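Please look at the sequence and the model first, and then read on.

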Amino acid sequence: MRPILQIMLALISLYLPVLSAHQGDHSSIAELDALLAISPDAPSLLMTRGAAYTRTGQWDKAEQDIRRAKQIDTHINVEFALAQLYFHSGAFNNALLHINQYIEINPEYAPALLLKARSAHAAKQTKLALQSWNDYLTMEPLAHPGDYLAAAKLHALTGASGLKKALDLIDQGIENIGLTAQLQGYAMQLELDRNQPTRAYNRWRSLEHQLGTTPKYKITLAQLLILTNRAGEARLMLEDARAQLLQLRKTPAREALDLKLLSIEKQLG
Amino acid sequence: MSKQHLVLIVISTYCLVASCTHSQSIIPAWQEQKEQPTTETSVTSEEPKGPKVPNRLFLQQVSSSSAIIKWRGDQNEVWYGTKRNDLSARKSAEQERNHKLVVLDDLKPDTRYYYGFKGNGSRETVMSFNTAPRKGALPSDGNTHIWLLGDSGTATEKSLGHYSHAGKAIDVMNGFLKYNQAQANSEPLDLLLLLGDNAYVEGTDEQWQGAFFDIYTDIIHSVSTWPTIGNHEMGVGAPFDVCLFRKLPACDAGPLMIHMGGISTSADPDSYDSTGDGPDAYGLPYLNIFSLPSRGELGGVPSGTEQYYAFDYGNVHIVSLDSQLSNRDKDQRAAMRDWLIDDLSANQLDWTIVIFHHPPYSKGSNHDSDREQNEIDMRQTFAPVFEDYGVDVVYSGHAHSYERSWYVNGHHGMSDTFDPATQALLNVKGEPSMGQQGELYPQLDSSGADKRTVYTVAGSSGKADRQSPCAEGQFQGCTLPNWLEHPVHRTFDEAKPGYRKNGLAIKGSVVIDAGRNELTSRFIDEHGDVHDYFTIIRGTR
């Protein structure tokens, strides 16, 4: 930060009344309305209210504020704010237009790459979305599991080769952030989608040390055993799960598992 | 209303919200070091005198067989053992970002270990901690004793150039210590849980030092700290032009933009920005400071991220969710929910405790769970999971007051849809049960299912909001007529000072005692007095 700005801000700390840090969007808009009634040409207030309008789904008002801020001060970079607005309002191609402009100036800003991936994804520009997800996940290898899943799910929509790429991406995620049931559980489903029940079984088995003592794990394993023609083992697994369910404290989720177990047993005959 | 009046309201609106005041602590000297965090930086602490104890000494991930000791300072090794006067085992430190740490392993369960830093002088201070019991077992004292702090980080909060809440967090701590000595037989803590906003206002490394490490110094080197991310852990948000509020001499040169702490809307921890001049080089201080179990290191299903995690401690399973970042993005929120389901499905311990910052039910000053999206999302997406998967108690902060729900199931809408007759456990009189004395909460309902949860908002460990009625059109920095009147929360006797219909405007913290058959949660004020409690009786099949 520039020293002059630091000094100014330090001065402000002595003079300025306190600002609110906890604002619900609707209430902050009411306050910003009041401020803008006094200072209608304050770009910062317009940008802030624009962001609040974006979060509350008031797209036209958001765009009006952001664009007016730009008119008043042409040096303000409004591209990221506009991209967010268009993304949330469903105008995904417009979002892409603006996020690309933002990335030209700030190519290393990961949240912008993430927004590009999501915008392209939502705009059904699959190739661009996959490239953007790749750019983002390359920059952020320790990304959130939800980001790996979102990217993998998009790959999976692109046919047989996409399933393989989705699995590769999940494996890459597992290598980067560790084995998790979220990622491996989805990979297990993908293996089933490409008719590879043994691989699906193996993937699920890899979670045994994490989930292995639970009825939920055992019931899913029984389903996979059935798919790999091991009905006898499946029955044993289901018996094991039933015995455990009888021991454990009953919850709505375990009651639902009980019903699922019954249904699988019926299927087995 | 005149324009002047409006300006005053707006300014007072901002001014009165004490939670935000530290945005004016802008740029003390330490922020010049932003790009290069140093080791021993503190707003308030001095170099320790006397016995050589490192700065910022704290424990992480204490399990039944291991523990992490972290610190800053010159010391490069830890000596430890099971006898105070025989620290014969030694472990060298690793450097992790701007902390040193050792991982002690091969420890015995439920055992007191002593440790110290030899070699730097003749005098030595010896610290100690207890390892966790084996999974499922109780600590040897028969009880898992847990302290919870919500929004305690006010020591670094400034207004008009002064620390506006100096001493309040310490008062709350002293209240707990007094309670613990007088009413809990000085029982050692097993866990310290943080409910977010534990370092105001931007959650910088230096604010963590001043608001947390310098205050709880003597506690956190003997008990493991387990945090969750609050809005004040996530830096600054949108910029404001100061000159709109106050005509300073500098305003002649043009707008003066400042950035407020606590209002970031990013879902990406790498976008953490402490000052408003772009993302900080070292990312989110919260994640740099704490070592959290993303890979199921202490039980619990691996989450793949330190933003949310779970672990076991003896007979208690604890989940820390991320209501600040992951909750903002639908893909990340879905992944967190799926993980939570897997984690809770795998849990078979006596008690399940969930913590996160944004309360699903609150009518706190400035924080209304009918209005704030983070709170709505936590309620709609996660509360059904808590109830279906046997979560016993949920704790949040964010609102600077205390609210505690009835024993509820199925209320996931706005507050005006709450129906106590069908959504709360009723007593013999047909009223919602308090969970006290003759009507303790049974973990299992009449059908034998565990499907009810108590939700507590405990965000007054650093300050308590006061009644300040809103002017016409004012929503922030004031109290609305329904302040602390969320019907899902238990009722209080409004005649008492600080008591409102459904909550308490009183500074304090929460203590949980989880035994084999009972879990009791108490709200303790700064004097050590208990203002609320409830007990759940464990159910067995």
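Leaving aside its neighbours within four places in sequence, with which residues is B:Ser401 in contact? The model in which this is examined is a predicted one. Beyond those sequence neighbours, B:Ser401 is in contact with B:Gly364, B:Val457, B:Ala458, B:Gly459, B:Ser460, B:Leu484 and B:Leu504. B:Ser401 lies in a loop of chain B, between strand E21 (393-396) and strand E22 (402-404). Because its relative accessibility is 0%, B:Ser401 counts as buried.

**Chain B as a whole**

Chain B has 541 residues, and 64% of them count as buried. Its secondary structure consists of eight helices and 29 strands. Among contacts in chain B between residues at least 6 apart in sequence, 70% join residues at least 24 apart. The accessible surface of chain B is about 18,600 Å², and carbon and sulfur atoms account for 47% of that surface.

Two packed helices are described by the angle between their axes and the distance between the axes.

| Helices of chain A | Angle | Axis distance |
|---|---|---|
| H7 (residues 110-122) and H8 (residues 126-139) | about 155° | 8 Å |
| H12 (residues 197-205) and H14 (residues 215-227) | about 160° | 9 Å |

H7(A) and H8(A) pack at an angle of about 155°. H7(A) is therefore roughly antiparallel to H8(A). The crossing of these two helices, H7(A) and H8(A), is left-handed. On the side of H7(A), the contact is made by A:Ala110, A:Leu113, A:Leu114, A:Lys116, A:Ala117, A:Arg118, A:Ala120 and A:His121. H8(A) contributes A:Leu128, A:Ala129, A:Ser132, A:Trp133, A:Asp135, A:Tyr136 and A:Met139. By class, the residues in the contact of H7(A) with H8(A) are ten nonpolar, two polar and three charged.

For the other pair, the angle between H12(A) and H14(A) is about 160°. H12(A) and H14(A) are therefore roughly antiparallel to each other. Their crossing, that of H12(A) and H14(A), is left-handed. Which residues of H12(A) and H14(A) meet? From H12(A) come A:Pro197, A:Ala200, A:Tyr201, A:Trp204 and A:Arg205. These meet A:Tyr217, A:Thr220, A:Leu221, A:Leu224, A:Leu225 and A:Leu227 in H14(A). The contact of H12(A) with H14(A) comprises nine nonpolar residues, one polar and one charged.

Conventions:
Residues are numbered from 1 along each chain as its sequence is written. Chains are lettered from A and ligands numbered from 1 in the order in which they are written. This is a predicted model: local features need pLDDT of at least 70, side-chain atom pairs count only at pLDDT 80 or more; totals for chains, interfaces and linings use all residues. Side-chain values use heavy atoms; hydrogens and water are left out. Axes are lines fitted to C-alpha atoms, for helices over the stretch in contact, and angles run from 0 to 180 degrees between N-to-C directions. Helices (H or I, at least four residues) and strands (E, at least two) are DSSP runs, numbered from the N terminus. Angles under 35 degrees count as roughly parallel, over 145 as roughly antiparallel, 65 to 115 as roughly perpendicular and the rest as oblique. A crossing is left-handed if the near helix is turned anticlockwise from the far one by less than a right angle, and right-handed if clockwise. Contact means heavy atoms within 4.5 Å. Ala, Val, Leu, Ile, Met, Phe, Trp, Tyr, Cys and Pro count as nonpolar, Asp, Glu, Lys and Arg as charged, and the others, Gly among them, as polar. Buried means under 20% relative accessible area, exposed over 50%, partly exposed in between (1.4 Å probe, protein chains only). Accessible areas come from the Shrake-Rupley method with a 1.4 Å probe; for residues, only the protein chains shown count as cover.
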